[in-house]
Amino acid sequence: MTKLFNEDYTFESGSTDGTDIVYLNGDSYEKCVQELELLAKTIEDSKRPGYTQANGDVLSNFRKAAELSGTTPMQAWGVYFYKHVAAIMSYAKDPSIPQAEDIEGRFADAMNYLKLGFYILKEKE
């Protein structure tokens, strides 16, 4: 028995090809992912009007930042995305350092930025 998220779990192993694969019983991971996805969607919905100036272009903020800084939208995206990664890495190094935003929100917003970055990538195709 193992403790994970303050719940008891057992681990099973086995495979059909002789390799040893470990599976976690329970749905705690899926619940955690759903929580993160819900938080990400909530953040995305609350921030989108301000970032798009209600013009419908989800990349508007990156286009404007790129124009002002003489870079590409992908480069502008990278700077914004890095801010979240840096905050997460800071937390990983020392969770006691005060953060401007809660760490759960940083993870959720990093996920949102990955989606936006992927959209920039696909838009170029």
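Author: On a 1 Å grid over the protein atoms alone, a pocket is an open set of points with protein on both sides within 12 Å along at least five of seven lines, a cavity is a set of points where a 1.4 Å probe fits but cannot get out, and lining residues have an atom within 4 Å of a point. The structure above is a predicted model, in which local features need pLDDT of at least 70 and side-chain atom pairs count only at pLDDT 80 or more, while totals for chains, interfaces and linings use all residues. Residues are numbered from 1 along each chain as its sequence is written, and side-chain values use heavy atoms, with hydrogens and water left out.

Reader: Which residues line the largest pocket, and how much space lies in it?
Author: The lining of the largest pocket is made up of Cys32, Val33, Glu35, Leu36, Leu39, Ile103, Glu104 and Phe107. Taking a volume as the space filled by probe spheres set on grid points that are joined across faces, edges and corners, the space in this pocket comes to about 180 Å³.

Reader: Which helix supplies the largest share of the lining of the largest pocket?
Author: Helices here are DSSP runs (H or I, at least four residues), numbered from the N terminus. Helix H1 (28-52) and helix H4 (103-123) each give at least two residues to this lining. The largest share, five residues, is supplied by H1.

Reader: How many residues of the lining of the largest pocket are charged?
Author: Ala, Val, Leu, Ile, Met, Phe, Trp, Tyr, Cys and Pro count as nonpolar, Asp, Glu, Lys and Arg as charged, and the others, Gly among them, as polar. Sorted in this way, the lining of the largest pocket has six nonpolar residues and no polar ones, and the charged residues number two.

Reader: How many cavities of 30 Å³ or more does a search of the whole structure find, and what volume does the largest cavity have?
Author: The search of the whole structure finds one cavity that reaches 30 Å³ or more. For the largest cavity, the volume is about 190 Å³.

Reader: Which helix supplies the largest share of the lining of the largest cavity?
Author: The lining includes Ile43, Lys47, Phe62, Asp109 and Tyr113, and by class it divides into six nonpolar, two polar and four charged residues. H1, helix H2 (60-69) and H4 each supply at least two residues. With five residues, the largest share comes from H1.

Reader: What kind of aromatic pair do Phe62 and Tyr80 form?
Author: Rings of Phe, Tyr and Trp (its six-membered ring) pair if their centres lie within 6.5 Å, and planes under 30 degrees apart count as stacked, over 60 as edge-to-face and the rest as tilted; by this rule there are three aromatic pairs. For Phe62 and Tyr80, the centres are 5.7 Å apart and the angle between the planes is 75 degrees, which makes the pair edge-to-face.

Reader: Why does the pair of Phe62 and Tyr80 tie together parts that are apart in sequence?
Author: Phe62 lies in helix H2 and Tyr80 in helix H3, so this pair joins parts whose distance in sequence is 18 residues. Tyr80, at 28%, is partly exposed, and the parts tied together by the pair lie in helices H2 and H3.

Reader: Which residues form one aromatic cluster?
Author: The rings of Phe62 and Tyr113 are also edge-to-face, because their centres are 6.1 Å apart and their planes meet at 85 degrees. This pair links Phe62 in helix H2 with Tyr113 in helix H4, 51 residues apart, and Tyr113 is buried at 5% relative accessibility. One aromatic cluster is formed by Phe62, Tyr80 and Tyr113.

Definitions and conventions:
Buried means under 20% relative accessible area, exposed over 50%, partly exposed in between (1.4 Å probe, protein chains only).
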